Amino acid sequence: MHKLLTALSIILFLQSCELLSPETNQPVDIVRENGNIFIVDRTNKEWDVTHAVNVYGFKPESFQYGLGPRAIQPINNPQMLSSGQSGYPGSNNTNQIIGTTLKNDTRAYPLNVLSQHEMVNEKFGTAYVGVAY
Amino acid sequence: VYSREIEGNILNLSASGWTYNNTFVLFDFETESMWYHLSNTDGLTCISGEYADKKLEEFNSTQTRWINWIVNNPNSKYLKYPQ
């Protein structure tokens with residue numbers, strides 16, 4: 001439920017940016033070919049969703065937006081700020097964040113940035129992780 | 001927060017541009033497999049593509065405000081933005 005609400009809040013944010021607006025939410029173009037099912041996004045890219053439909057019960061017509069894989073750009077291998085560096089928030093800063101500790105390394109990601117990029121491709125020591133919102 | 005290592009390979013994840021049930025459908029640039037957080041299932045499940053049915057492990061994370069986070073995590077780093 002929490003994840004759903006989080007996703008809803010991003011979607012509302014993107015709607016407010018007009019990236020995801022009712023106007024961009026057209027009915028999905030579905031192609032059925034030799035028993036395979038493809039959904040076609042706004043960049044005319046075809047996504048094979050046969051497995052999602054047959055195994056997980058996804059309904060092809062229930063996919064939404066289809067903005068294309070370049071519409072929302074991830075952040076890759078970002079620099080982090082440590083205490084004392086310019087831009088590091090004061091201890092009374094009330095920004096919403098997602099925080100995590102992995103490999104003895106603790107990092108925080110502000111939601112207002114995550115909501116614009118959806119994904120941060122990160123590395124904690126030897127662990128490769130994705131921070132998603 | 002999810003692992004992006006699978007079978008010895010490292011994936012670069014991103015939003016696919018699709019949502020399903022108001023949740024983002026993710027994909028990886030390497031194989032263009034589609035990844036989704038199924039309800040009642042931890043981690044990301046590959047719903048379509050080369051890694052179909054495989055999972056990316058989920059790690060603990062906390063959503064809170066910095067003012068609360070920094071009290072309990074005084075050594076926390078903070079995302080630089082813009083990069």
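## A tour of the chain A and chain B interface

Start by selecting B:Lys77 and A:Asp105: their side chains form a salt bridge, 3.4 Å from N to O. The term covers a side-chain nitrogen of Lys or Arg within 4 Å of a carboxyl oxygen of Asp or Glu. Between chain B and chain A the count is two salt bridges.

A word on what is loaded. The model is predicted, so local features need pLDDT of at least 70 and side-chain atom pairs count only at pLDDT 80 or more, while totals for chains, interfaces and linings use all residues. Residues are numbered from 1 along each chain as its sequence is written, chains are lettered from A and ligands numbered from 1 in the order in which they are written, and side-chain values use heavy atoms, with hydrogens and water left out.

**The whole interface**

Now select both sides. Here 57 residues of chain B are in contact with 81 residues of chain A; contact means heavy atoms within 4.5 Å. The two chains bury about 6,000 Å² between them, 61% of it on carbon and sulfur atoms. That area is the accessible area (1.4 Å probe) lost when the two parts are put together, summed over both.

**Strand to strand**

Go to E4(A) and E4(B). They run antiparallel and are joined by three bridges; strands pair if DSSP finds at least two bridges between them. Strands (E, at least two residues) and helices (H or I, at least four) are DSSP runs, numbered from the N terminus. Select A:Tyr65 next: B:Trp18 in E4(B) stands opposite.

**A loop in chain B**

Move to B:Asn73, in the loop between helix H1 (66-72) and strand E10 (77-79) of chain B. Which residues does B:Asn73 touch, not counting those up to four places away in sequence? Show A:Thr101 and A:Thr106. B:Asn73 is buried, at a relative accessible area of 17%. Buried means under 20%, exposed over 50%, and partly exposed in between (1.4 Å probe, protein chains only).

**Last stop: A:Pro60**

Select A:Pro60, in the loop between helix H2 (50-56) and strand E4 (63-65) of chain A. Buried or exposed? A:Pro60 is buried, with a relative accessible area of 5%. Leaving aside neighbours within four places in sequence, its contacts are A:Val28, A:Ile30, A:Arg32, A:Ile37, A:Ile39 and A:Val53.
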